[in-house]
Amino acid sequence: MTEQQAITNFLKYTGQQAIAPQAALVDCDGVLYDSMKNHTRAWVKLMQKNGIRCTRDEFYLYEGMTGTEIIKMKFKQGAGKNITDDEALALYGVKTRYFHELGEMPMMTGATAVLTALKELGLKRIVVTGSQQATILDRIDNDYPGLFDGRITGFDVHRGKPSPEPYMKGAMQAGCKPGQCLVIENAPLGVQSGHAAGCFTIGVTTGPIPEKDLYKAGADIVYPSMQALAEVLPQLLAAMQAKG
């Protein structure tokens with residue numbers, strides 16, 4: 001799909017006259033960091049130690065939910081057990097330890113270029129993530145200094161992705177309407193969240209989930225990498241302004 005087609009489709013189904021983007025709402029895992037390989041390993045280890053059958057690939061599909069939501073869901077499905085908030089939080093701490101034992105996650109190639117381009121184009125940048133891991137959230141400020149204006153995390157929402165709540169709160173923090181926001185996501189649940197919030201939602205295929213699944217989830221346009229997105233951002237924003 002071309003940028004022009006994506007913009008035309010977005011304006012048609014939202015009923016907006018123009019996009020005039022004011023902010024970019026950016027996911028963390030799989031967008032800012034190439035971290036999902038280790039996340040999936042840690043999730044599988046936690047589940048197997050608790051007698052719950054699972055596969056690594058399924059956790060790519062859960063990306064965007066808060067960690068405690070994933071735990072409650074999997075224990076209900078796999079063990080018929082209702083986990084309390086305190087139990088889920090404790091188990092999430094164990095999963096976090098497993099994750100850190102696998103080593104430091106690398107920054108995603110092209111992410112700095114995307115954020116720099118967004119800043120130069122005058123858009124506010126807000127991290128919107130389901131993560132509740134303090135070490136990841138602390139790293140963002142060190143790895144992307146001066147490139148973010150705010151953040152919404154798993155601690156700030158009642159319902160994680162695919163609920164529209166995270167991205168609606170991100171737009172609110174940016175001081176604009178969801179229809180004035182770009183969302184950058186790599187996972188179906190995150191794409192669903194951005195789409196449901198009414199944002200122009202950009203998918204990036206940085207993991208095993210194919211392009212077609214991101215479009216099916218509601219992505220307005222999909223790029224093969226963060227670097228590819230960085231290269232086209234000026235033209236994409238110019239096309240949006242031209243439509244106004």
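Visitor: What covers the buried residues of α9?
Guide: The cover over the buried residues of α9 includes α3 (56-62), α8 (165-174), β4 (181-185), β5 (200-204) and α10 (211-217), where contact means heavy atoms within 4.5 Å. This is a predicted model, in which local features need pLDDT of at least 70, side-chain atom pairs count only at pLDDT 80 or more, and totals for chains, interfaces and linings use all residues. Residues are numbered from 1 along each chain as its sequence is written, and side-chain values use heavy atoms, with hydrogens and water left out.

Visitor: How many residues of α9 are buried?
Guide: Seven of the ten residues in α9 (188-197) are buried, that is, under 20% relative accessible area with a 1.4 Å probe and protein chains only; among them are Pro188, Leu189 and Ala197.

Visitor: And what comes just after α9?
Guide: Gly198 follows, with a positive phi of about 95°.

Visitor: Switching topic, how much space lies in the largest cavity?
Guide: About 210 Å³, a volume being the space filled by probe spheres set on grid points joined across faces, edges and corners. A cavity is a set of points on a 1 Å grid over the protein atoms alone where a 1.4 Å probe fits but cannot get out, and its lining residues have an atom within 4 Å of a point.

Visitor: Which residues are closest to its centre?
Guide: Of the 21 lining residues, Asp29, His39, Glu63, Gly64 and Met65 are the closest to the centre of the largest cavity.

Visitor: Which helix gives the largest share of that lining?
Guide: That is α2, with three residues.

Definitions and conventions: On a 1 Å grid over the protein atoms alone, a cavity is a set of points where a 1.4 Å probe fits but cannot get out, and a pocket is an open set with protein on both sides within 12 Å along at least five of seven lines; lining residues have an atom within 4 Å of a point. Helices (H or I, at least four residues) and strands (E, at least two) are DSSP runs, numbered from the N terminus. Buried means under 20% relative accessible area, exposed over 50%, partly exposed in between (1.4 Å probe, protein chains only).
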